[in-house]
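Please walk me through the structure shown below, starting from a single residue and widening the view from there.

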Amino acid sequence: MPITIRPACFKDARALARVQVAAWHATYRGMVPDAMLAATTLERKQEIWSHLLTEEEAPSSRCRTLLCTAGEVEGFIRIGPQRTARFLPQWPGEIQILYIHPAAQGQGRGRALLAAGAHLLNAAEIAPATLWVMSANTRARRFYERLGGAYLEEQTVPVQHESFDEVAYGWHDLSSLAAACAED
C-alpha cells in the first residue's frame, strides 16, 4: 500500500500516541529506567499529543508534526525551532521527534518523514538542524549517520534517580538530507 505524508491534526493524537508507545516499548527496554518505560502509556502520550497538536494549530506556532499513513498511522516526525540553547544561533532548527511503529520499520517511512521534515524546516527558514537520539540506540544512530548526520556532542539526561545518555547529530544542508533520504 502506498504511503501518504500529511500534517497531523488534533484527531490524530491517539494514533500518534499508539505509534510512540509501541516504538518506546520495542526499542528502549534496557536503555531507559524501567519506571520511565512503565510511565509511557497510551493514555499519557495521548494527553501530551492532544496538547501539542492544539498548540500547533495556533498561527504563531513554528512546530509541525507530519505523519505517515498506509491505511493507518505508521510513523511521525515533529520539527520546529531549536530547543537546545547552546546550539543557537548555528543550529536554528530541530528534528524534535521521529518514531516509526515497529511493524513498519525498515520500509522507508523514516526516510520519507525526514525528507518531508527537512523540506519544511528549509521552507520555514529554520535550518540547519539537529536531532537527539539515545546513545544506546545504535540502529537509529547508524540510520542518521548513513544520512550524513554529523556527530555534535553527547549529554547525560537525568531521569528520576537514574539517567541515560543521548547524542546530538546535525545537518548543515537540509536539502542534502532530503536528497539522501530519497536515495536507495
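Leaving out residues up to four places away in sequence, Ala-168 touches Phe-87, Leu-131, Trp-132, Ala-150, Tyr-151, Leu-152 and Glu-153, where contact means heavy atoms within 4.5 Å. The model is a predicted one, in which local features need pLDDT of at least 70 and side-chain atom pairs count only at pLDDT 80 or more, while totals for chains, interfaces and linings use all residues. Residues are numbered from 1 along each chain as its sequence is written, and side-chain values use heavy atoms, with hydrogens and water left out.

Ala-168 is found in strand E7; helices (H or I, at least four residues) and strands (E, at least two) are DSSP runs, numbered from the N terminus. With a relative accessibility of 0%, Ala-168 counts as buried, a word that stands for under 20% relative accessible area, whereas exposed stands for over 50% and partly exposed for what lies in between (1.4 Å probe, protein chains only).

Which strands does E7 pair with? Two strands pair if DSSP finds at least two bridges between them. Strand E5 (residues 129–134) is joined to E7 by 6 bridges, and the two run antiparallel; within this pairing, Met-134 has Glu-166 as its bridge partner in E7. Strand E6 (residues 150–159) is likewise antiparallel to E7, with 9 bridges between them, and here Tyr-151 has Tyr-169 as its bridge partner, while Pro-158 stands opposite Ser-163. E6 and E7 form a hairpin with 2 residues between them, and Gln-160 in the turn has a positive phi of about 50 degrees.

These strands belong to an open sheet of 7 strands with mixed pairing, in the order E1-E2-E3-E4-E5-E7-E6. Strand E1 (4–7) and E6 stand at the edges with a single partner strand each, so one side of each is left without a neighbour in the sheet. Neighbouring strands of this sheet are turned by 25 degrees against each other on average, direction ignored, where axes are lines fitted to C-alpha atoms, for helices over the stretch in contact, and angles run from 0 to 180 degrees between N-to-C directions. Helix H1 (residues 13–27) lies across strand E2 (64–69), strand E3 (73–81), strand E4 (93–100) and E5, and runs at about 95 degrees to E3.

**Loops beside the strands**

Ser-135 lies in the loop between E5 and H5 and, at 12% relative accessibility, counts as buried. Apart from its neighbours within four places in sequence, Ser-135 is in contact with Arg-141, Glu-154, Asp-165, Glu-166 and Val-167. In the loop between H4 and E5, by contrast, lies Glu-125, which at 69% relative accessibility counts as exposed; its phi is near 60 degrees, a positive value in a residue other than glycine. Pro-128 is also placed in the loop between H4 and E5, and a cis peptide bond with omega of about 5 degrees joins Ala-127 and Pro-128. Another cis peptide bond, with omega near 0 degrees, runs from Leu-88 to Pro-89, and Pro-89 lies in the loop between E3 and E4.

**The largest pocket**

The largest pocket has a volume of about 1,200 Å³. Of the 44 residues that line the largest pocket, the closest to its centre are Tyr-28, Leu-98, Tyr-99, Asn-137 and Tyr-144. On a 1 Å grid over the protein atoms alone, a pocket is an open set of points with protein on both sides within 12 Å along at least five of seven lines, unlike a cavity, where a 1.4 Å probe fits but cannot get out, and lining residues have an atom within 4 Å of a point. Grid points are joined across faces, edges and corners, and a volume is the space filled by probe spheres set on the points.
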